[in-house]
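Subject: Structure handover

Dear colleague,

Here is the structure we spoke about, with my notes below it. Please read them with the model open beside you.

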Amino acid sequence: MADEWRRVVQPELVFLHDNFIFSPGLQNSLQARNLLSESDIEDINTEKTTHAKVHKLIWTYLSKRGPGSLQKFIEALEEDNPSQTALAKRLKSRLQPQEDDSSHECSLGASGSEPVARSTEFIHQRTTRKERIEVAKRLGKKWRRVGQELGPEPFEDYELDAFEEKADNRDRAQAMLDAWNEKHLKQATRRQLILALKAEGFGGIIKAAFGLNPDEVN
């Protein structure tokens, strides 16, 4: 169960630290679902910062509560107050089955270099962090052009300008892809990224990052 918590919660930690409120209402909801005891709540409340409270709540207690604990946590967030709804929605969207980061490696042939056919399901799943890193480090100065092609809603020029403050093109590309992933969640699929790469002639990146022949994706 800790693996599921890491998969779903880890990517949302920044948002969690910025938006989470350990309110009395949430505490009661978590108690009612047998996720926390009164002494657990007292222990968490000894922490002085939101960051520390989140860390103790998630990794010391909730992630060790067994099957269904993450779903119960999301339900408790939805029950608490409107300010927690956005967080609940983001966590819920990540509960969908995901390919492991090693999934694209399994698409390589015995030599480790030849891509093989992948299922439609694989193509329509969300990208992994590892895949986005592989793409970002290969885009070079054309990262903006890919951003202008990237669906479901291509970046506007003023949005891309915000990434120019990064140190180099690799960091700019990484920031753009991560922002795209956070913005579009379930719609930030391999297909969307691959189509943007195809539009700019990056067939080699598609093979390297996803283990796919570009012609497999339309």
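Helix H4 (residues 38-45) and helix H5 (residues 50-61) have axes that come within 9 Å and cross at roughly 140°. Axes here are lines fitted to C-alpha atoms, for helices over the stretch in contact, and angles run from 0 to 180 degrees between N-to-C directions. H4 contributes Asp40, Asp43, Ile44 and Asn45 to the contact, and H5 contributes Lys53, Lys56, Leu57 and Tyr61; contact means heavy atoms within 4.5 Å. By type, these residues are three nonpolar, one polar and four charged. In that count Ala, Val, Leu, Ile, Met, Phe, Trp, Tyr, Cys and Pro are nonpolar, Asp, Glu, Lys and Arg are charged, and the others, Gly among them, are polar.

Before the rest, a note on the source. This is a predicted model, in which local features need pLDDT of at least 70 and side-chain atom pairs count only at pLDDT 80 or more, while totals for chains, interfaces and linings use all residues. Residues are numbered from 1 along each chain as its sequence is written, and side-chain values use heavy atoms, with hydrogens and water left out.

Overall fold

The chain has 14 helices and zero strands. Helices (H or I, at least four residues) and strands (E, at least two) are DSSP runs, numbered from the N terminus. Of the 218 residues in the chain, 44% are buried; buried means under 20% relative accessible area, exposed over 50%, and partly exposed in between (1.4 Å probe, protein chains only). Among contacts between residues at least 6 apart in sequence, 67% join residues at least 24 apart.

Nonpolar cores

A nonpolar core is a set of buried Ala, Val, Leu, Ile, Met, Phe, Trp, Tyr and Cys residues joined through side-chain atoms within 4.5 Å. The largest one has 28 residues, and those touching the most other members are Val135, Leu139, Met176, Leu193, Leu197, Phe210 and Leu212. Two or more residues come from each of helix H8 (120-123), helix H9 (129-139), H10, H12, helix H13 (190-199) and helix H14 (203-210). H12 gives the largest share, five residues. Leaving aside neighbours within four places in sequence, Leu197 is in contact with Val135, Leu139, Val146, Phe202, Ile205, Ile206 and Phe210. A second, separate core holds 27 residues, including Leu26, Leu36, Tyr61 and Ile74.

Aromatic rings

The whole structure contains four aromatic pairs. Rings of Phe, Tyr and Trp (its six-membered ring) pair if their centres lie within 6.5 Å; planes under 30 degrees apart count as stacked, over 60 as edge-to-face and the rest as tilted. One of the pairs is Trp5 with Phe73, which is tilted, at 5.7 Å centre to centre and 35° between the planes. Trp5 lies in helix H1 (residues 2-9) and Phe73 in helix H6 (residues 69-80), so this pair ties together parts that are 68 residues apart in sequence. Trp5 is buried at 0% relative accessibility, and Phe73 is buried at 1%.

Trp143 and Phe163 are an edge-to-face pair, because their planes stand at 75°, with the ring centres 6.4 Å apart. Trp143 is in helix H10 (residues 143-149) and Phe163 in the loop between helix H11 (157-161) and helix H12 (169-184), 20 residues apart. Relative accessibility is 1% for Trp143, which counts as buried, and 12% for Phe163, also buried. Together with Phe155, these two residues form one aromatic cluster.

Two arginines sit over rings: Arg90 has its charged end 4.0 Å from the centre of the Phe15 ring, and Arg190 lies over the face of Phe122 at 3.9 Å from the ring centre. The test is NZ of Lys or CZ of Arg within 6 Å of the ring centre and within 35 degrees of the ring normal.

Backbone points to check

Most residues other than glycine have a negative phi, and most peptide bonds are trans. The bond from Gly151 to Pro152 is cis, with omega near 5°, and Pro152 is in the loop between H10 and H11. Asn34, in the loop between helix H3 (24-32) and H4, has a positive phi of about 60° and is exposed, with a relative accessible area of 67%. Leu185, in the loop between H12 and H13, has a positive phi of about 45° but is buried, with a relative accessible area of 15%.

Regards
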